[in-house]
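Please look over the chain shown here before reading on.

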Amino acid sequence: MLRLDLPRLEREGSRSFEIAVAPDDPLWEGGDLRFDGDVVVRGRATVSGTGEIVVRLEVEGTRVAECRRCLEAVRIPLKQEMFFVFAEPDESGAVEGSDLRPLAADAMTLELGDVLREELILSTERWVECRDDCAGLCPLCGVNRNEQTCDCSPVEPDPRWDALRALKSE
Ligand SMILES: [Zn+2]
Ligand SMILES: [Zn+2]
């Protein structure tokens with residue numbers, strides 16, 4: 001898991017790591033995030049001169065999402081860089097600087113899974129399309145119009161037929 005041993009990191013000053021997170025990892029549960037294959041996370045954590053922990057991550061994988069029009073699965077290459085700074089809160093409990101993330105003074109591990117997941121959710125495209133000219137599903141019979149044509153007519157029935165039908169039913 002994406003967890004760093006803090007006493008070791010503080011001893012060594014910095015550490016590079018590479019972790020593959022499987023597509024069925026509990027980290028991705030309960031969100032909109034789905035992946036095809038492992039998500040590879042390469043990172044480097046460094047203890048700064050003032051005691052903050054600076055973490056850079058490079059995340060690479062293939063995201064799977066549903067086309068908003070035809071509902072087919074779309075594979076989207078994902079390559080993203082992230083940057084986090086963790087610091088101990090001051091006496092008031094506040095962490096100085098808005099993009100700093102709190103780190104308990106007695107923490108033994110630094111958990112990166114949650115911040116990674118949060119960042120990915122924030123930056124993922126909500127609406128994806130399999131291609132720019134995706135024809136979508138027929139609203140009447142539901143066929144995928146990229147693959148099939150159907151006989152459904154999108155135009156309103158000719159009102160003159162109503163008159164004819166009325167005659168017939170008399
Ligand atoms: Zn589509
Ligand atoms: Zn149709």
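**Contacts and overall fold**

Among contacts in the chain between residues at least 6 apart in sequence, 52% join residues at least 24 apart, a contact being a pair of residues whose C-beta atoms, placed from the backbone, lie within 7 Å. This is a predicted model, in which local features need pLDDT of at least 70 and side-chain atom pairs count only at pLDDT 80 or more, while totals for chains, interfaces and linings use all residues. Residues are numbered from 1 along each chain as its sequence is written, and chains are lettered from A and ligands numbered from 1 in the order in which they are written.

**Elements and burial**

- The chain holds 3 helices and 7 strands, these being DSSP runs numbered from the N terminus (helices H or I, at least four residues; strands E, at least two).
- Read from the N terminus, the elements follow the order β-α-β-β-β-β-β-β-α-α.
- Of the 170 residues in the chain, 11% are buried, where buried stands for 20 or more other C-beta atoms within 10 Å of a residue's own, exposed for 12 or fewer, and partly exposed for values in between.

**Nonpolar core**

- The largest nonpolar core has 14 residues, and V41, V55 and L116 have the most contacts inside it; such a core is a set of buried Ala, Val, Leu, Ile, Met, Phe, Trp, Tyr and Cys residues joined through C-beta atoms within 7 Å.
- At least two residues of this core come from each of β3 (39–47), β4 (53–66), β5 (73–87) and α2 (113–123).
- Leaving aside neighbours within four places in sequence, L116 is in contact with L2, V41, L57 and V59.

**Sheet and packing helix**

- An open sheet of mixed pairing is formed by 5 strands in the order β2-β3-β4-β5-β6, with two strands counted as paired if DSSP finds at least two bridges between them.
- Because β2 (14–21) and β6 (100–102) stand at the edges with a single partner strand each, one side of each is left without a neighbour in the sheet.
- Neighbouring strands of this sheet are turned by 30° against each other on average, direction ignored, the axes being lines fitted to C-alpha atoms (for helices over the stretch in contact) and angles running from 0 to 180 degrees between N-to-C directions.
- Helix α2 packs on the sheet, where it touches β3, β4, β5 and β6, and its direction makes about 130° with that of β5.

**R101 in strand β6**

- β5 and β6 pair in the parallel sense over 3 bridges, and F86 stands opposite R101 in β6.
- The C-alpha atoms of R101 and F86 are separated by 4.7 Å, although these residues are 15 residues apart along the chain.
- R101 has 17 other C-beta atoms within 10 Å and is therefore partly exposed.
- Not counting residues up to four places away in sequence, R101 touches F84, V85, F86 and V115.

Technical notes: Two residues are in contact if their C-beta atoms, placed from the backbone, lie within 7 Å.
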